[in-house]
Amino acid sequence: FISIDCGGVNYTDTSTHINYVSDANIINSGVRETISSEISTIQLLRRLRSFPEGKRNCYKINVTRGSKYLIRTTFLYGNYDGRNMLPHFDLLLGANKWATVNINNASNPQLEEIIHVPSLDYVQICLVDTGHGTPFITTIEFRTLKNHTYVTQYGSLKLYLRNDFGSDIIYRYPTDVYDRLWYILEPFEDWTNLSGSISDDSLDKGDYQLRATIMRTAVTPTNASDPLSISWGQNHETDEFYVYMHFTEIQVLTTNQTRQFNIMRNGELWIPNFSPRYLAVDTLYTSSAISEKEIEFVRTGNSTLPPIISALEVYTVIDLQKPETFQGDVDAITSIKSVYGVKRDWQGDPCAPAAYLWDGLNCTYGDDEVPRITTLNLSSSGLSGKIDPSISKLTMLEKLDLSNNSLNDEVPDFLSQLQHLKILNLEKNNLSGSIPSALVEKSKEGSLTLSLGQNPHICEHGQCIEHRKHRNNIVIPLVASICGGLILLGTVTAILWILRRRKSKASMVEKDQSEISEQHTKQEDSLKQSKKQICSHSDICKITNNFNTIVGRGGFGTVYLGYIYDTPVAVKILSPSSFRGYEQFQAEVTLLLRVHHKNLTSLIGYCDEGSNKSLIYEYMANGNLLEHLSGTHSKSKFLSWEDRLRIAVDAAL
């Protein structure tokens, strides 16, 4: 048995002897609140937990898988917040909606009950903010039931009504762990209340464990010859019900007295010649769901006494069809949350329902299919330590982003065993060691986009990024600003060369459109001769991480930072509106595939796919020549006149 006082403390109820525990160790969200003793004198109902933050807040409660439980939640608003605003919100059981809690009276407790057989070793009860007031909860209780009671053909049983007939108490609270909360119906004009002297010790409670406080009272028709009719409303025409009727003979009958009656459904005989037993509970019930909403008890010709009934329970069938996330994925993501102390609103089922999908996840969904986690994005989440092995248990993972954290140690080989992984982003961490060869091979094959930039101690084939960066960055870059640098030098040869280039370009612009188109066609034909350095537009998207980081702009277009494996590159994207940029694109591809110089940035590749045209250059992390000449770059060093003259002459040559 589980009895939780939400927002309360551990204690034993002096009247019921039920041990209640605080929810403090079960949930880490919400606010503890107290209601006035003027509204409730019952200790159990004096405290609650409200949830002013978060869309979905969940209790995860350990249970015995396959056992049958009556799960009861209680809500007493009591104007705890002083706002006198009656909220309503949704209640979920796992991934499925259990009920909408509509608080319609601040002073009366509201109850939601369900009879359910968990398929897991835990149950998650979630309160969902629907925008109509702050969700809250007062108590959560689990009571085990015998597996052969409350049997359904499918689904779970949601309480529709529970009536204690013949009593004069509006609410009858549980007297022990087996008891339930009963509602008392005011007697109809054609009913008469009966009562007898029955104790729990003398009563055979039966499989349904009905207490003497319930069974010692009953109702009977005022006119002894009339049938006893009991009906209940119907929320929807399609509602189907399971009905449980509880009887006991509360009077000691003489030898010439008999109580016998037929039970009718929809005017037809259902159970004939039934006689309740004295000091024993008899429970009659529907073995399948029925749509009728009225039952009649009709006295037989042999009976000297009218029919009676002590208690009635009616349940509707609720089919919790939405599958919960694959348990292996749940275990893995729960472990990841624990290992890294993830500070996100991760409560309830990770994938279901889809409206409350955990932040940073994507999942697969299908008709009656178990959701699987396909994306895990923990970028910029303050992670530290090693890459957790639990990630390897997310076997359907397609995209993993752990970038911009403080992860250290080696890139683990188990990442290469994720067969469906297509994108792996480990940029901006403190990872070290060699890249697993299987990951490198997948990246070369094009089946995996691998991003490892800004991990200064990562090595590939025995050569570390930090060493390659040092080697590449000692070259002083020229391309973007060489003309400005040459003007500062005042070198005659360089100036003449620049003027000649400008004059040549100006004459090209003045050509008519037909000549330019013809020239473009010829140059495009010549480009096709160098297939080994051609990239597709989709390759460019992967290299630049969908054009994520801009490092510069010019007349040609925008320059983006990209990575080929773990090596940074600069990707210049031709702007569709740049006419002269298109000429420059063709000229640079044709020229730089043939010309190589230690002071000239290398052309690594290019894309010439329809209107998508781009150039991939060696990335110059230390800035361009103009920045070094003017001293505006943070890493600029003093350039002697000899250095400046050498750069100018080399460029002119």
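User: In strand 13, which residue is the bridge partner of S3?

Analyst: In this predicted model, strand 1 covers residues 2-5 and is joined by four bridges to strand 13, residues 139-145, with the two strands running antiparallel. Within that pairing, the partner of S3 in strand 13 is E141.

User: Strand 1 also pairs with strand 3, and which residue of strand 3 does D5 stand opposite?

Analyst: Strand 1 and strand 3, the latter made of residues 19-22, pair in the parallel sense over two bridges. In general, strands of a sheet pair through backbone hydrogen bonds, either parallel or antiparallel.

User: What is the bridge partner of R56 in strand 11?

Analyst: Strand 6 and strand 11, which spans residues 122-128, pair in the antiparallel sense over seven bridges. In strand 11, the residue bridged to R56 is V128.

User: Why is one side of strand 26 and of strand 33 left without a neighbour in the sheet?

Analyst: The open sheet to which they belong has five strands in the order 26-27-29-31-33, with mixed pairing. Strand 26 (361-364) and strand 33 (449-451) stand at its edges, so one side of each lacks a neighbour in the sheet because each has a single partner strand.

User: In strand 33, which residue is the bridge partner of L424?

Analyst: Strand 31, residues 423-425, is joined to strand 33 by three bridges, and the two run parallel. The partner of L424 in strand 33 is L450.

User: Is S443 buried or exposed?

Analyst: S443 lies in helix 3, residues 437-445. Leaving aside residues up to four places away in sequence, S443 touches L448, L450 and Y565. Its relative accessible area is 11%, and because the cut-off for burial is under 20%, S443 counts as buried.

User: How is N223 classed, and by how many Å are the C-alpha atoms of N223 and T192 separated?

Analyst: N223 is found in the loop between strand 18 (217-221) and strand 19 (228-231). With a relative accessible area of 39%, N223 is partly exposed. Although N223 and T192 are 31 residues apart along the chain, the separation of their C-alpha atoms is 8.9 Å.

User: Which residues make the nonpolar surface patch of about 330 Å²?

Analyst: One member, L645, lies in helix 11, residues 641-652, and counts as partly exposed at 46% relative accessibility. The patch of about 330 Å² is made by L645, V649 and L653.

User: What percentage of the residues of the chain count as buried?

Analyst: The chain contains 11 helices and 40 strands, and exposes about 31700 Å², of which carbon and sulfur atoms supply 48%. Of its 653 residues, the share that counts as buried is 48%.

Technical notes. Residues numbered from 1 in each chain as written. Predicted model: local features only at pLDDT ≥ 70, side-chain atom pairs only at ≥ 80, totals over all residues. Heavy atoms only, no water. Pairing = 2+ DSSP bridges. Patch = residues over 30% accessible without salt bridge, like charges linked within 9 Å, V, L, I, M, F, W, Y side chains within 5 Å. Areas by Shrake-Rupley, 256 points an atom, 1.4 Å probe, with all protein chains shown as cover. Salt bridge = Lys/Arg side-chain N within 4 Å of Asp/Glu carboxyl O. Buried < 20%, exposed > 50% of the residue type's maximum accessible area, 1.4 Å probe, protein only. Contact = heavy atoms within 4.5 Å.
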